[in-house]
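Here's a quick tour of one model. Take a look at the sequence and the fold before reading on.

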Amino acid sequence: MDTLTRLEATIAQRRKADPDTSYVAQLTQRGLPVMARKLGEEAVETCIAALAGSREELVGEAADVLFHLMVLLAEKDVPLADVMTELDRREGVSGIDEKNSRSE
Ligand SMILES: N=c1c2ncn([C@@H]3O[C@H](COP(=O)(O)OP(=O)(O)OP(=O)(O)O)[C@@H](O)[C@H]3O)c2ncn1[C@@H]1O[C@H](COP(=O)(O)O)[C@@H](O)[C@H]1O
C-alpha cells in the first residue's frame with residue numbers, strides 16, 4: 001500500500017477520534033472552512049519555500065499540502081482513487097493546450 005493510501009485510511013479512522021488527542025479529529029470538528037483555509041495556507045507556504053526556502057523546507061511544506069488536501073478530500077467524501085483516476089485520464093490527453101501556451 002502506498003503512503004497516500006495509508007494516510008487516507010489513517011485519516012478516515014482518526015476523524016472519529018477524540019479531538020484532544022487527534023489533530024485530524026480536531027480539524028474535522030472545526031469543519032470544512034478551516035480545512036480549506038489550512039490547505040490554502042500550506043499551498044502559499046509551499047510557494048514561498050520554492051521561491052525563497054531550502055529544499056528541506058519545500059519538502060516539509062509539500063508534505064503539509066498533501067496532508068491537508070487528504071483531510072479536505074475525506075471531509076468531502078472524495079476518495080483518493082477518484083483523483084488518481086482523473087490524473088490517469090489526463091495522461092492520455094495532450095499536456096499543452098495551444099491557446100493557453102500562447103497567452104503565457
Ligand atoms: N501529517 C500529519 C500532520 N502534519 C502536521 N500535523 C499537526 O498539525 C498541527 C498544527 O500544525 P500547524 O503549525 O500547521 O498549525 P497551527 O497553526 O499550530 O494550528 P491550526 O492552524 O491548525 O490551529 C500540529 O499539532 C502537527 O502535529 C499533523 N498531524 C497529523 N498528521 C498525519 O495524520 C495522522 C493522524 O494524526 P492524529 O489525528 O493526530 O492522530 C498522523 O499519523 C500523521 O500521519
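## Around the ligand

Keep in mind that this is a predicted model. The shell around the ligand is made up of Leu7, Thr10, Arg14, Ser22, Tyr23, Val24, Ala25, Lys38, Asp64 and Phe67. Sorted by class, that gives five nonpolar, two polar and three charged residues.

## How α1 meets α4

Two packed helices are described by the angle between their axes and the distance between the axes. For α1 and α4, the angle is about 50° and the axes are 10 Å apart. As for handedness, α1 passes α4 in a right-handed crossing.

## Helix α5

Helix α5 covers residues 80-91, twelve in total, and at 1.5 Å a residue it should span 16 Å. The C-alpha atoms at its ends are 17 Å apart, which agrees.

Is α5 buried or out in the open? The number of buried residues among its twelve is zero, so α5 lies largely in the open.

Most residues other than glycine have a negative phi. Asp77 isn't a glycine, yet its phi is positive, at about 60°. Asp77 sits in the loop between α4 and α5. With 7 other C-beta atoms within 10 Å, Asp77 is exposed, because the cut-off for that is 12 or fewer.

Terms used. Residues are numbered from 1 along each chain as its sequence is written. This is a predicted model: local features need pLDDT of at least 70, side-chain atom pairs count only at pLDDT 80 or more; totals for chains, interfaces and linings use all residues. A residue is near a molecule or strand if its C-beta atom, placed from the backbone, lies within 6 Å of it. Ala, Val, Leu, Ile, Met, Phe, Trp, Tyr, Cys and Pro count as nonpolar, Asp, Glu, Lys and Arg as charged, and the others, Gly among them, as polar. Helices (H or I, at least four residues) and strands (E, at least two) are DSSP runs, numbered from the N terminus. The expected span of a helix is 1.5 Å times one less than its number of residues. A residue is buried if 20 or more other C-beta atoms lie within 10 Å of its own, exposed if 12 or fewer, and partly exposed in between; C-beta atoms are placed from the backbone. Axes are lines fitted to C-alpha atoms, for helices over the stretch in contact, and angles run from 0 to 180 degrees between N-to-C directions. A crossing is left-handed if the near helix is turned anticlockwise from the far one by less than a right angle, and right-handed if clockwise.
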